[in-house]
Amino acid sequence: MKTDPSFDACGPQVQPATGYAGDIVPPLAWQWLQSGDAVLVDVRTDAEREWVGFVPGAVALAWKQWPGMALNTRFDEELKAAVPDGKKVVFLCRSGVRSVAAARRAAELGLQAYNILEGFEGDADRQAQRGRLGGWRLRGLPWMQK
């Protein structure tokens with residue numbers, strides 16, 4: 001019997017969301033990437049990917065541009081070019097805020113879009129530091145740093 005990858009021992013891995021297909025845990029995103037079911041789009045700035053780290057094979061497509069954090073005017077065009085027909089798109093940012101906005105926009109463009117919960121670095125802890133409370137990197141999923 002084949003198991004449904006959207007569920008695990010802790011319950012559903014796909015959580016309902018408003019305006020896009022749902023929120024998913026990082027391991028499910030990785031599973032979808034490995035199976036070829038999805039394209040990972042990293043919506044952090046070029047500077048964040050360069051200094052903090054990145055996921056090999058991810059599409060680098062900033063939601064907002066550094067400096068000033070103005071919306072990327074080429075986002076729609078580049079996203080459509082990066083996601084083949086029939087593929088899911090999963091969005092990753094630092095902590096899961098910009099990726100929600102990107103997922104909503106992708107859904108408006110007709111894509112099956114998901115936000116990766118916890119982001120690349122996870123939530124800030126009591127000392128306002130990231131990297132200790134969840135996130136792609138902390139979960140031991142593939143990443144690199146230059």
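Some ground rules. The model is predicted, so local features need pLDDT of at least 70, side-chain atom pairs count only at pLDDT 80 or more, and totals for chains, interfaces and linings use all residues. Residues are numbered from 1 along each chain as its sequence is written, and side-chain values use heavy atoms, with hydrogens and water left out.

Start with the layout. The chain has four helices and ten strands. These are DSSP runs, numbered from the N terminus: H or I over at least four residues for helices, E over at least two for strands. From the N terminus, the order is β-β-β-β-α-β-α-β-β-β-α-β-α-β.

Next, overall dimensions. The C-alpha trace spans about 50 × 40 × 30 Å along its principal axes. The radius of gyration is 15 Å, which agrees with the value near 15 Å for a compact globule of 146 residues. That radius is taken over C-alpha atoms, and the globule rule is 2.2 Å times the number of residues to the power 0.38. Of the 146 residues, 43% count as buried. Buried means under 20% relative accessible area, exposed means over 50%, and partly exposed is in between, with a 1.4 Å probe and protein chains only.

Now contacts, meaning heavy atoms within 4.5 Å. Among those with a separation of 6 or more, 54% join residues 24 or more positions apart.

UniProt lists residues 34-128 as "domain: Rhodanese", in an unreviewed entry. Its positions are in the numbering used here, feature names are shortened, and annotations may be inferred rather than shown by experiment. Over residues 34-128 the chain is 29% helix and 21% strand. The end C-alpha atoms there are 33 Å apart.

On to the interior. A nonpolar core is a set of buried Ala, Val, Leu, Ile, Met, Phe, Trp, Tyr and Cys residues joined through side-chain atoms within 4.5 Å. The largest one has 18 residues. Which members touch the most others? They are V41, V43, F75, L79, V89, F91 and A106. β5 (38-42), α3 (75-82), β9 (88-92) and α4 (98-108) each supply at least two residues. The largest share, four residues, comes from α4. A separate core has 17 residues, among them A29, W32, W136 and L141.

Look at V41. Beyond its neighbours within four places in sequence, V41 contacts V59, L61, L79, V89, V90, F91 and L92.

Then α4. Its buried residues are R98, S99, V100, A102, A103 and A106. Their cover includes α2 (46-52), α3, β9 and β10 (113-116). After α4 comes G110, with a positive phi near 95°.

Last, charge. The structure holds nine salt bridges, each a side-chain nitrogen of Lys or Arg within 4 Å of a carboxyl oxygen of Asp or Glu.

R49 pairs with D46, closest N and O atoms 2.3 Å apart. Both lie in α2, three residues apart, about one turn of the helix. R49 is buried at 8% relative accessibility; D46 is exposed at 55%.

K146 and E50 meet at 3.8 Å, N to O. K146 is in the segment after β10 and E50 is in α2, 96 residues apart.

R105 and D76 meet at 2.5 Å, N to O. R105 lies in α4 and D76 in α3, so this pair ties together parts 29 residues apart in sequence.

Finally, R74, E77 and E78 are linked in a network of salt bridges.
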